[in-house]
Amino acid sequence: MYSVVRETRYDPDRLTHASSELDEFQRLHAAQPGYEGNVVVDTTDGRRITLTLWASEAYSTAARLALEPAVRRLLTPLMAAPSRIIGVGPVVTADVTRNR
């Protein structure tokens, strides 16, 4: 498994009214081949830290290229600054569970 950790700073006012854009992007994101899930932490100041899990680095790279138009259309207008990759690499351990 491969991971990408990203920090995104959103304009808090725009973010308040952007649930449809965020939902649409998440649907597109989750539909990408090799997508294995993501964890988004909202720090409540407009900043979100996202950990996205992929089956491999190749899937991650392909998804980034495929999703660029959707990022520009749906997310960039909401951002206060460009997103920043904090780190990428193979997952060493993962024990996240979700109650269903």
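View 1. The model shown here is predicted: local features need pLDDT of at least 70, side-chain atom pairs count only at pLDDT 80 or more, and totals for chains, interfaces and linings use all residues. Residues are numbered from 1 along each chain as its sequence is written, and side-chain values use heavy atoms, with hydrogens and water left out. His29 sits in helix α2; helices (H or I, at least four residues) and strands (E, at least two) are DSSP runs numbered from the N terminus. What does His29 touch, leaving aside residues up to four places away in sequence? The list is Tyr35, Asn38, Thr52, Trp54 and Leu67, where contact means heavy atoms within 4.5 Å.

**View 2. Helices α2 and α3 pack together.** Two packed helices are described by the angle between their axes and the distance between the axes. Here α2 covers residues 19–30 and α3 covers residues 57–75. Their axes are 10 Å apart, at an angle of about 170°. That angle makes α2 roughly antiparallel to α3. For the wording, angles under 35 degrees count as roughly parallel, over 145 as roughly antiparallel, 65 to 115 as roughly perpendicular and the rest as oblique. The axes are lines fitted to C-alpha atoms, for helices over the stretch in contact, and the angles run from 0 to 180 degrees between N-to-C directions. On the α2 side look for Glu21, Leu22, Glu24, Phe25, Leu28 and His29; they meet Leu67, Ala70, Val71, Arg73, Leu74 and Leu75 of α3. Sorted by type, the residues of this contact are eight nonpolar, one polar and three charged (Ala, Val, Leu, Ile, Met, Phe, Trp, Tyr, Cys and Pro count as nonpolar, Asp, Glu, Lys and Arg as charged, and the others, Gly among them, as polar).

**View 3. Tyr35 and Trp54 form an aromatic pair.** How many aromatic pairs does the count give? It comes to one. Rings of Phe, Tyr and Trp (its six-membered ring) pair if their centres lie within 6.5 Å; planes under 30 degrees apart count as stacked, over 60 as edge-to-face and the rest as tilted. The pair ties together distant parts of the chain, with Tyr35 in strand β2 (residues 35–42) and Trp54 in strand β3, 19 residues apart. Are these two residues buried or exposed? Both Tyr35 and Trp54 are buried.

**View 4. Glu68 pairs with Arg64 and with Arg72.** Side chains of opposite charge can pair when their charged atoms come close. A salt bridge here is a side-chain nitrogen of Lys or Arg within 4 Å of a carboxyl oxygen of Asp or Glu, and the whole structure has seven. Between Arg64 and Glu68 the closest N and O atoms are 3.8 Å apart. Arg72 and Glu68 also meet through their side chains, at 3.8 Å from N to O. Arg64 and Glu68 are four residues apart in helix α3, so about one helical turn separates them; Arg72 and Glu68 are likewise four residues apart in α3, again about one helical turn. Arg64 is partly exposed at 43% relative accessibility, Glu68 is partly exposed at 34%, and Arg72 is exposed at 53%.

**View 5. A salt-bridge network takes in Glu7, Arg9, Arg47 and Arg84.** One link in it joins the side chains of Glu7 and Arg9, 3.5 Å from N to O. Glu7 is buried, with 9% relative accessible area, while Arg9 is partly exposed at 37%.

**View 6. Thr50 lies in strand β3.** The strand spans residues 47–54, and Thr50 is buried at 16% relative accessible area. Not counting residues up to four places away in sequence, Thr50 touches Val4, Val5, Arg6, Asn38, Val39 and Val40.

**View 7. Thr44 and Pro82 sit in loops.** Thr44 is in the loop between β2 and β3 and is exposed at 73% relative accessibility. Most residues other than glycine have a negative phi, and most peptide bonds are trans. Thr44 has a positive phi, near 65°. Pro82 lies in the loop between α3 and β4 (84–90) and is exposed at 72%.

Technical notes
Buried means under 20% relative accessible area, exposed over 50%, partly exposed in between (1.4 Å probe, protein chains only).
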